[in-house]
Amino acid sequence: MPSLFDDELPVIRVALPVPLTRCFDYVLPPNLQNAYLPLGARVRVPYRNKAMIGVVMERQVTPDVPVEKLKPLSELIDDASLLDDHQRALAQWLARYCHGPVGEVISMMLPTLLRQGAAAHIQEETYWLATQSGRALDPEKMSRAPKQAELLRALQKHQQPVAATMLRSLGFTSAQMAALEDKGLAERYQQSRHLEGRDDDARPVLAEIPLQLNDDQKTAVTEITDRLGQPDVFLLEGITGSGKTEVYLQIIEAVLKQGRQVLVLVPEIGLAPQTVNRFKKRFSVPVMTLHSGLNDKERLDAWLLARDGRAGVLIGTRSAAVTPFKDLALIVVDEEHDASYKQGDGIRYSARDLAVVRGKMLSCPVVLGSATPSLETLHNATEKRYHWLKLTQRAGASVQLPDIYLHDIQNKKLTNGIDGGLLQVMRTHLQQGGQVLAFINRRGFAPALMCHDCGWVSDCPYCDARMTLHREPPRLHCHHCDSVGPIPHQCPKCFASELKPVGSGTERMEETLENAFKDWPVFRVDRDTVSRKGMMEKLLETIHKEEPCVLVGTQMLAKGHHFPAVTLVVVLDADGGFYSSDFRGLERMGQLLTQVAGRAGRESRKGKVVVQTHRPDDPLLKLLAQHDYSQFSRCLLEERKEALLPPYSFMAIIRAEANQSDLVINFLTEVVQAAEPVIAQIEGLEVNGPLPSPMERRFGRYHMQIWLLCDRRAPLHQGIACLLDLINRHPMNRKVRWSLDVDPQELI
Ligand code: ADP
Ligand code: ZN
Ligand code: ZN
């Protein structure tokens with residue numbers, strides 16, 4: 001038995017998925033004391049009378065309590081490390097950044113099945129290949145075994161192994177396969193179905209010839225490939241269609257030729273299968289995807305193939321940013337400005353920012369691509385922290401940028417949210433065979449229902465918000481708390497029978513456009529229709545037939561699609577950003593407008609964009625209409641600088657909520673007051689609050705927040721630590737739900 005005087009203590013420190021910032025020590029039971037226990041392997045341990053799965057973070061720990069008091073580990077699950085040194089260091093970094101439990105970060109890094117204890121092995125399936133003698137033999141000569149002859153004939157047709165499941169579906173049995181094996185005519189392989197016919201080191205990297213680059217692209221590719229192996233960050237700024245994806249493909253090619261791996265982050269995969277297909281077509285090394293559309297098993301496979309170094313390229317959404325790799329040499333973040341890179345609950349990280357951190361830790365370049373870079377990234381590029389590469393023209397066959405018109409709708413009577421003159425413009429485009437996109441950034445039929453007699457409106461009973469009227473299926477639906485109710489037939493207050501929808505959403509616009517254009521199909525694309533199975537594929541197919549049609553939808557339509565026949569893009573509600581309570585409102589509006597405009601006229605025809613606005617003379621809108629996102633963003637940066645808002649300061653928000661408003665206010669006020677002496681000592685730190693959240697009452701609970709702003713990170717984190725410490729020790733902290741958001745992307 002080991003004693004306390006042994007210099008190698010049989011104690012390990014384990015990260016557990018519990019909301020406590022520390023790790024937990026366990027003693028090795030005698031049967032495991034000589035076992036090899038890799039750091040980063042999973043173990044099963046007792047925790048508060050429950051069995052839990054954790055990850056080994058340290059070995060030979062000197063515990064804070066006598067070894068005799070420690071519980072023994074129950075089981076070692078992995079015989080090899082799941083999360084290598086880099087991955088664990090990344091987890092530690094992220095935990096410090098969010099002031100959160102490292103155990104929860106580690107748990108987030110693991111796919112669900114691994115979290116539940118599944119084996120960390122890629123599931124392999126059986127494949128069959130004809131041997132040399134099998135290829136030489138004429139199946140005609142096997143007349144005594146006709147089924148085996150048929151099987152041999154089938155195998156002879158393939159140079160690559162054929163899946164046993166496929167052969168079975170063709171009517172062959174395992175016995176017949178085994179019989180060919182016995183005769184030396186066929187041999188079996190075990191491999192992952194994701195690597196089917198591709199798991200071969202000797203294969204060339206390219207499966208097709210890359211495009212000839214233009215000068216801008218060439219410069220970008222050279223600059224980046226020259227710095228492989230270095231922790232440099234690049235902003236690749238280029239309008240939609242300027243050939244950013246081609247640049248990614250060619251720098252990825254350089255990395256793959258070194259036998260190393262690439263992570264590509266994209267905002268959304270389900271909606272942009274075209275991009276993934278371009279990567280798969282280009283490379284013969286395995287290109288895997290990781291996104292929410294996969295089931296647990298598929299996610300596990302992609303994760304393991306990346307970790308084992310067998311996936312050359314992993315394309316994934318936000319959560320892919322924490323995937324382990326055997327030999328990661330490049331990270332690409334496409335549409336780096338996209339808000340979906342920020343995780344909105346739990347461990348609130350930004351996949352883009354994490355990519356930059358990872359690049360530094362691994363000494364590999366990170367490429368941030370966008371037509372409309374975020375102000376944070378632009379600021380970093382201006383300050384020369386990032387290299388700034390620009391693609392200035394549309395590449396290849398695509399034509400000039402569309403003309404953008406600001407269509408004045410002040411004092412105009414709109415029909416269900418659209419101007420009559422604009423309908424006429426749409427009709428002309430359809431008559432000329434063009435496709436038309438109409439954007440309206442609100443789902444449902446109408447944002448509210450109202451009584452004309454007494455002014456009753458469909459307020460959500462639980463939120464400071466209106467319930468949206470939906471027709472499909474008919475309901476009132478609060479988009480903030482998700483509560484749903486029936487549509488009243490008469491006013492609940494004065495019993496008048498006429499209730500009117502106020503404003504327009506996608507459903508109403510679809511109906512309006514259907515009535516206006518009887519000769520052409522109208523499709524709606526929003527969260528409600530996209531979730532219908534196969535809907536997106538069908539839509540894309542119709543669109544690629546290039547017949548005239550109208551697409552009406554939310555910003556979903558703006559993301560990553562290539563619509564070659566679209567000649568007109570109509571933006572129905574552009575002004576929202578001006579009235580936003582969020583200081584990022586205008587930035588988002590500019591990004592959306594520019595992205596939307598990029599959908600017009602991508603191939604052989606010059607496109608046109610019409611923006612309905614009440615502010616046709618607004619200087620910022622005018623800049624966007626001149627395709628001058630750069631100047632637009634410079635103006636916004638000036639404003640941020642004056643207001644000392646990000647990116648000119650670092651920000652964190654502590655949000656708190658409770659079922660009574662007094663509770664939250666008192667709680668936060670006491671915390672801020674108690675923190676004052678410490679905060680006053682921290683130079684440059686500004687603490688504001690408690691402030692009511694933009695929507696104070698949500699789902700029946702009251703939301704308040706504290707803002708922390710500082711021009712440097714270290715004091716900001718000092719301030720956060722001080723406040724969190726007070727929150728954790730506050731007697732009321734169980735009645736108030738709170739969370740911390742460092743570098744928040746939304747204020748609500
Ligand atoms: P982005 O990612 O910036 O939107 P893409 O890389 O998708 O741009 O390029 C837009 C279109 O131009 C695509 O159809 C692409 O095949 C084509 N393209 C890109 N670069 C070139 C090039 N150097 N020569 C010819 N065509 C190109
Ligand atoms: Zn009424
Ligand atoms: Zn609600």
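Author: Sorted by class, the shell around ligand 1 holds four nonpolar, nine polar and four charged residues. Here Ala, Val, Leu, Ile, Met, Phe, Trp, Tyr, Cys and Pro count as nonpolar, Asp, Glu, Lys and Arg as charged, and the others, Gly among them, as polar. Please keep in mind that this is a predicted model, in which local features need pLDDT of at least 70 and side-chain atom pairs count only at pLDDT 80 or more, while totals for chains, interfaces and linings use all residues; side-chain values use heavy atoms, with hydrogens and water left out. Residues are numbered from 1 along each chain as its sequence is written, and chains are lettered from A and ligands numbered from 1 in the order in which they are written.

Of the 17 residues around ligand 1, the nearest are Gln212, Gln217, Gly241, Thr245 and Arg278; a residue is near if one of its heavy atoms lies within 4 Å. Helix α9 (residues 244–257) contributes the most to this shell, with three residues. Helices (H or I, at least four residues) and strands (E, at least two) are DSSP runs, numbered from the N terminus.

Several polar contacts can be picked out, each a pair of N or O atoms within 3.5 Å; within protein, one must be able to donate a hydrogen and the other to accept it, and residues adjacent in sequence count only if both atoms are side-chain atoms. Gln217 uses a polar side-chain atom, 2.8 Å from a nitrogen atom of ligand 1. From the backbone, a polar atom of Gly243 is 2.9 Å from an oxygen atom of the ligand, and a backbone N or O atom of Lys244 lies 2.8 Å from an oxygen atom of ligand 1. Taken alone, ligand 1 exposes 550 Å², and the protein buries 78% of that, with areas from the Shrake-Rupley method and a 1.4 Å probe; for residues, only the protein chains shown count as cover.

Now to the metals. Cys451, Cys454, Cys491 and Cys494 hold the zinc ion (ligand 2) through their SG atoms, 2.2 to 2.4 Å away. Donors are N, O and S atoms within 2.8 Å of the metal (3.2 Å for Na, K and Ca), and water is not among the atoms, so sites may look incomplete. This site counts as tetrahedral because its four donor atoms subtend angles of 104 to 114°; for four donors, that label requires all angles to lie between 85 and 135 degrees. Along the chain, the donors are spaced C-x2-C-x36-C-x2-C. Distant parts of the chain are linked by Cys451 in strand β18 (residues 448–451) and Cys491 in the loop between β21 (484–485) and β22 (499–502), 40 residues apart. Both Cys451 and Cys491 are buried, where buried means under 20% relative accessible area, exposed over 50%, and partly exposed in between (1.4 Å probe, protein chains only).

The zinc ion (ligand 3) has Cys460, Cys463, Cys478 and Cys481 as donors, with SG atoms 2.2 to 2.3 Å from it. Angles of 105 to 116° among the four donor atoms make this site tetrahedral, and the spacing reads C-x2-C-x14-C-x2-C. Here Cys463, in the loop between β18 and β19 (468–471), and Cys481, in the loop between β20 (474–477) and β21, link distant parts of the chain, 18 residues apart. Cys463 counts as buried because its relative accessibility is 3%, and Cys481 counts as buried at 10%.

Methods
Tetrahedral: all angles 85-135°; square planar, octahedral: opposite > 155°, others 65-115°.
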